[in-house]
Amino acid sequence: TPGGAALAPYWTPGTEELANRTLEVLKTGAECVVWEMHGTLSVGPGPMEAFDVVDVCNKAAQVYLLARGAGVNPKGMNASQLAEIEKNFPKPGPRG
């Protein structure tokens, strides 16, 4: 996803502290927050777009784990490569 995903270190689920830590992570521009040992949270203009963010992150995690299992250490994309993808695949607006 253009905003990427970020890890929020473990904190007790359902607490105000977890909410505050999640907000700190979202302020970095991440669209998907992976809560260590808990789950994920995503943001978007609407519920379908937020689901799409989680879906893309889930697929990326699967590819990453498969690559690691095959002995490859994925490097990810650099800023130029990401900009090219964003240019060719603009972020859609809310679904109506």
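## Helix α2 and its setting in the chain

In helix α2 of this predicted model, the buried residues are Glu49, Ala50, Val53, Cys57 and Ala67. The cover over these buried residues includes the three strands β1 (5-8), β2 (32-35) and β3 (39-42).

The length of α2 can be checked against its residue count. The helix runs over residues 47-69, and its 23 residues should span 33 Å at 1.5 Å a residue. The expected span of a helix is 1.5 Å times one less than its number of residues. After α2 comes Gly71, which has a positive phi, near 85 degrees.

The chain as a whole contains three helices and three strands, and their order along the sequence is β-α-β-β-α-α. Among contacts with a separation of 6 or more, 46% are between residues 24 or more positions apart.

Whole-chain values are collected below.

| Property of the chain | Value |
|---|---|
| Span of the C-alpha trace along its principal axes | about 40 × 40 × 20 Å |
| Share of the 96 residues that is buried | 17% |
| Accessible surface | about 7000 Å² |
| Share of accessible surface from carbon and sulfur atoms | 62% |
| Separation of the mean positions of positive and negative charges | 7 Å |

The charge separation in the table refers to 8 positive and 10 negative charges. Glu49, Ala50, Val53, Cys57 and Ala67 of α2 belong to the buried 17% of the chain.

Conventions
Residues numbered from 1 in each chain as written. Predicted model: local features only at pLDDT ≥ 70, side-chain atom pairs only at ≥ 80, totals over all residues. Heavy atoms only, no water. Helix = DSSP H or I, 4+ residues; strand = E, 2+ residues; numbered from the N terminus. Buried < 20%, exposed > 50% of the residue type's maximum accessible area, 1.4 Å probe, protein only. Contact = heavy atoms within 4.5 Å. Areas by Shrake-Rupley, 256 points an atom, 1.4 Å probe, with all protein chains shown as cover. Lys, Arg positive; Asp, Glu negative; His and termini not counted. Charge placed at Lys NZ, Arg CZ, Asp CG, Glu CD.
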